[in-house]
Structure formats: structure tokens, C-alpha cells
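This briefing concerns the structure shown below.

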Amino acid sequence: MSLTEAVNLTFSVLTVVGQIIIALNLAAILFLKKSGYARLVAERVLFFSFIVALTAMTGSLIYSDVIGYEPCKLCWFQRIFMYPQVFLLALALWKKDKNIIDYTALLSIFGAIIAGYHYLLQLGIAPDLSCGAVGYSVSCAQRFVMNFGYITLPLMAFTAFLMILTFFFIEKKYRKNQE
């Protein structure tokens, strides 16, 4: 197995695990008012969100700087919304300051919108809004990864952004239920 295949498999499996966590998080948000799972997430929201953001940033850097995939225009925008979260969440984790959640949630919302559009673009569902090669990047429609029949790089990013958002929603709901 080549390095590229190993990295693709690793991050694809992490994406599936992330999607399972999103499903658990949605169940916790919708159905479980004071579950042990919701309490666990709420108490460790900064840590879990930091790990997701750090993994996403590390993955994108491995793909571009180790494997050599050239990021497209939309990939750069997704990075703009993910990378600062690593540092903001690390600082918030160190200071035990959950006030950062609203700010990083906004970054995740915009990042998820871009990643979702990028994924649909790669599947041929969304129109290409002048995202093609513009002289300095590859086409946004180009797929470098397609694992398990549906996982692409933008879906990996979309999953990371949604995980962070669902962690935040659990924390907010849990805190509200404690008041």
C-alpha cells in the first residue's frame, strides 16, 4: 500500500467515524435531554472540537505538502475557516474559556457551507460558479480522493465542520438544561 493510499484510507475511515459521531450528536441534541453522552460532550467540548480542527488541519497539510495535491480555490477558503479554529480552540482549552464557542461556530458555519457546495460541485450536482482553474490552482471539480463510493476531500472537511458545530449545539443545549 502506498503512502497516498494509506493516507486516503486513514482519513476516509476517520470521516466515517466522524459521520457516526455527528449522528450520535444529532440524537443527543434532539432526543436526549440529560444523557451521559451529552454531559461528556458538553464538559469536553473544547477538547473534542480542538482535536477535530487539528486533525482537519493536519490532513489538509499532509495532502498538499506531503502527497502533493494542489489545493483549489474552494479548498483555500475551507482552510481559512478551519485553521484559525485550531489556535482559537487551543487557547480556549488552555484558559478553560467556552466563550469562544460562538466565534468558532461562525467559522464552522461558513466553512461547512463552502465544503458542502464544493462536495456537490465535485459530484456534478451544483453548478461551477467560476471555480475552475483560474491560473493559480487546480479545478475545484477535480477529485483527488473518492473512497467508499462517496468520500472526497470536501466531504472530509464538511464532516469536520459539522462535528464541531454539533459539539457546540450539545454544549449549548446541555448548559441551557442545567439552568
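At 30% relative accessibility, Lys98 counts as partly exposed; buried means under 20% relative accessible area, exposed over 50%, and partly exposed in between (1.4 Å probe, protein chains only). The side chain of Lys98 meets that of Glu171 in a salt bridge, at 3.8 Å from N to O; a salt bridge is a side-chain nitrogen of Lys or Arg within 4 Å of a carboxyl oxygen of Asp or Glu. The model is predicted: local features need pLDDT of at least 70 and side-chain atom pairs count only at pLDDT 80 or more, whereas totals for chains, interfaces and linings use all residues. Residues are numbered from 1 along each chain as its sequence is written, and side-chain values use heavy atoms, with hydrogens and water left out.

- Side chains of opposite charge can pair when their charged atoms come close.
- Glu171 lies in helix H6 and Lys98 in the loop between H4 and H5, so the pair ties together parts that are 73 residues apart in sequence. Helices (H or I, at least four residues) and strands (E, at least two) are DSSP runs, numbered from the N terminus.
- Glu171 counts as buried, at 3% relative accessibility.
- Lys172 and Asp102 meet through their side chains in a salt bridge of 2.8 Å, N to O. This pair links distant parts of the chain, with Lys172 in helix H6 and Asp102 in helix H5, 70 residues apart.
- Lys172 is partly exposed at 32% relative accessibility, and Asp102 is partly exposed at 48%.

- Salt bridges that share partners join Arg39, Glu43 and Arg44 into one network.
- Arg39 is partly exposed, with a relative accessible area of 44%; Glu43 is partly exposed, with a relative accessible area of 44%.
- A search of the whole structure finds 5 salt bridges.

**The largest pocket**

- The largest pocket has a volume of about 740 Å³. On a 1 Å grid over the protein atoms alone, a pocket is an open set of points where a 1.4 Å probe fits, with protein on both sides within 12 Å along at least five of seven lines; lining residues have an atom within 4 Å of a point.
- The lining of the largest pocket holds 43 residues, and Thr55, Ala56, Met156, Ala157 and Ala160 lie nearest the centre.
- Helices H1, H2, H3, H4, H5 and H6 each supply at least two lining residues, and H3 gives the most, with 10 residues.
- By class, the lining has 29 nonpolar, 12 polar and 2 charged residues. Ala, Val, Leu, Ile, Met, Phe, Trp, Tyr, Cys and Pro count as nonpolar, Asp, Glu, Lys and Arg as charged, and the others, Gly among them, as polar.

**Two individual residues**

- His118 lies in helix H5, residues 101-122, and is buried, with a relative accessible area of 1%.
- Not counting residues up to four places away in sequence, His118 touches Cys72, Leu74, Cys75, Gln78, Cys140 and Pro154; contact means heavy atoms within 4.5 Å.
- Ala23 is placed in helix H1 and counts as partly exposed, at 46% relative accessibility.
- The C-alpha atoms of Ala23 and Met163 are separated by 9.4 Å, although the two residues are 140 residues apart along the chain.

Technical notes. Points joined across faces, edges and corners; volume = space filled by probe spheres on them.
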